Each structure stands twice: as C-alpha cells, then as structure tokens.
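Trainee: Please take me through how to read some local features of a model.

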Amino acid sequence: MKPSAGTAVLQQLHRTFAANRALTIMGGAMVVTFFAALVGIFVDHRVITGAPAWLKPAKFAISVSIYCFTFVWLLGFVENRPRLIRLVANVTVASFIVEMIVIITQAARGTTSHFNLTTPFNSSLWFAMGAFIVLVWMMNLLLAIMLLLQRMPDQAFAWSLRLGVLISSMGMAAAFFMVTPTPEQAAAIASGYGPRIVGAHGVGVADGGPACQFSDGARSEAI
C-alpha cells in the first residue's frame, strides 16, 4: 500500500534528520518562522521601504529553509568526510541564525536590515550580516570542491551536481557587488558627507521605488 503524502513527508524528514540534524532543525524552524512572519504581515501594518515590515523576514525564512534542506541532500553525496561535513553544516546554520536574528530584530524595530548605516547599532548589525553571509558563501564553495573531489558512478549526474553548486556559488558571489556604493553614494562619501545607506538591491539600475521614511526619521535612498 502506497504511503500517504503526510507519511511520505514525515519519512523524508526522518531521513533528513538522520543525515544532518543541524540543517534539518534549521530548515524546519524557518518554516515555522515563515508562517509567523505571514501572520505579522496581516496584523502589523507598518511599512519599511515601501513593503510590509514582515515581508522580508518571510522571504528570507522560506529561502533559508529551502537552502538548508537542499544542502542536506547535497551533503549526502559526500563520503568519508564526516568532520568536514559537520563543519560545513554547523557554520552554515550558525551563520543563518545570525542573519535571521538581525532581519527579524530590524523588522520588529521598524527599520531595514540591509545597507543600513543610519546609527552605530544599525551599522554593526549590517556589518555582522555581511560577515556571516560570506561564511555561508564559503561553505557553499567548499561543498562544490568536495563534490568535485567525490567519485560517483554516474558521471552525468555527478557533473550536474558539481556544476549546479558551482553556479550557485557564482550567483552568490555576484551579491558582493550589491554592497558597493552607488555613484551617488560614492560622491557623497568623497565629499565627506557619507550617506546613511550604502549599497543597493540592484547593480547598475535604479533600486526600488520612491524613497521612504525610516522609523527613526532618517530618509532612505530608494532601497
């Protein structure tokens, strides 16, 4: 008799948990966080940079969840490197915990988490996010290297995994350009009047919609 969809999901979660507890717990916690953030969207009507305050936590929560479960699956193809696997998994999870704490904290405070240099506290949170997301990228790149060194019987499938992770590492690396000052921000820095927002969600294009008001009264630069 074929198991029900619910039973199949529970069985898969059990296998995933057995493969790597840290990533599985993080993935599951982010599913819960996603639904909590959805509730926040409906009950908290504050707007941050033109979007509901809890929209960013919701988007990041579901993204991190998918990333963690995918990472567990990919690590399953790496053999005979248990310590390295634990290192990659634990560093990834710890980094995502910091990222999500900052994003949720800033949403609760009614301000933006990314590119925010409006106060020393906001700046420190943003720099912490930047440091830990680099660690996530490094662990992704390390996974790609492990897959390149791993022998697999199906070469076509093996190279699809390797190239897929390498492409994802390249895509993540492209985000480094997002934290560089825009021409307007660079001009403000050169003039000695540094902007309160440094970086943007887009590179070489206009970012976001009309500028909007931070909760602390600082004006954003269309992020």
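The dialogue below takes confidence, a helix, backbone angles and aromatic rings in turn.

Trainee: What kind of model is this, and which pLDDT do local features need?

Mentor: This is a predicted model in which local features need pLDDT of at least 70 and side-chain atom pairs count only at pLDDT 80 or more, while totals for chains, interfaces and linings use all residues. Residues are numbered from 1 along each chain as its sequence is written, and side-chain values use heavy atoms, with hydrogens and water left out.

Trainee: What pLDDT does the protein chain average?

Mentor: pLDDT is the predictor's confidence in each residue, from 0 to 100. The protein chain averages 82, and 74% of the residues score at least 70. Over residues 209-223 the pLDDT is below 50, although this stretch has 42 contacts in the model beyond near neighbours in sequence (contact means heavy atoms within 4.5 Å). Where pLDDT is low, the predicted coordinates should not be read in detail.

Trainee: How many residues has helix H4, and what is its span?

Mentor: Helices (H or I, at least four residues) and strands (E, at least two) are DSSP runs, numbered from the N terminus. The expected span of a helix is 1.5 Å times one less than its number of residues. Helix H4, residues 82-109, has 28 residues and reaches 40 Å from first C-alpha to last, close to the 40 Å expected. Just after H4, glycine 110 takes a positive phi of about 80°.

Trainee: Which phi does asparagine 80 have, and where is asparagine 80 found?

Mentor: Most residues other than glycine have a negative phi. Asparagine 80 is not a glycine, yet has a positive phi of about 65°. Asparagine 80 is found in the loop between helix H3 (55-75) and H4. For accessibility, buried means under 20% relative accessible area, exposed over 50%, and partly exposed in between (1.4 Å probe, protein chains only). Asparagine 80, at 75%, counts as exposed. Threonine 49 also has a positive phi, of about 45°; this residue is in the loop between strand S1 (47-48) and strand S2 (51-52) and is partly exposed at 23%.

Trainee: How many aromatic pairs are there?

Mentor: Rings of Phe, Tyr and Trp (its six-membered ring) pair if their centres lie within 6.5 Å; planes under 30 degrees apart count as stacked, over 60 as edge-to-face and the rest as tilted. The count by this rule is six. Tryptophan 73 and phenylalanine 77 form an edge-to-face pair, 5.1 Å centre to centre with 90° between the planes. Tyr67, Phe71 and Phe96 form one aromatic cluster.
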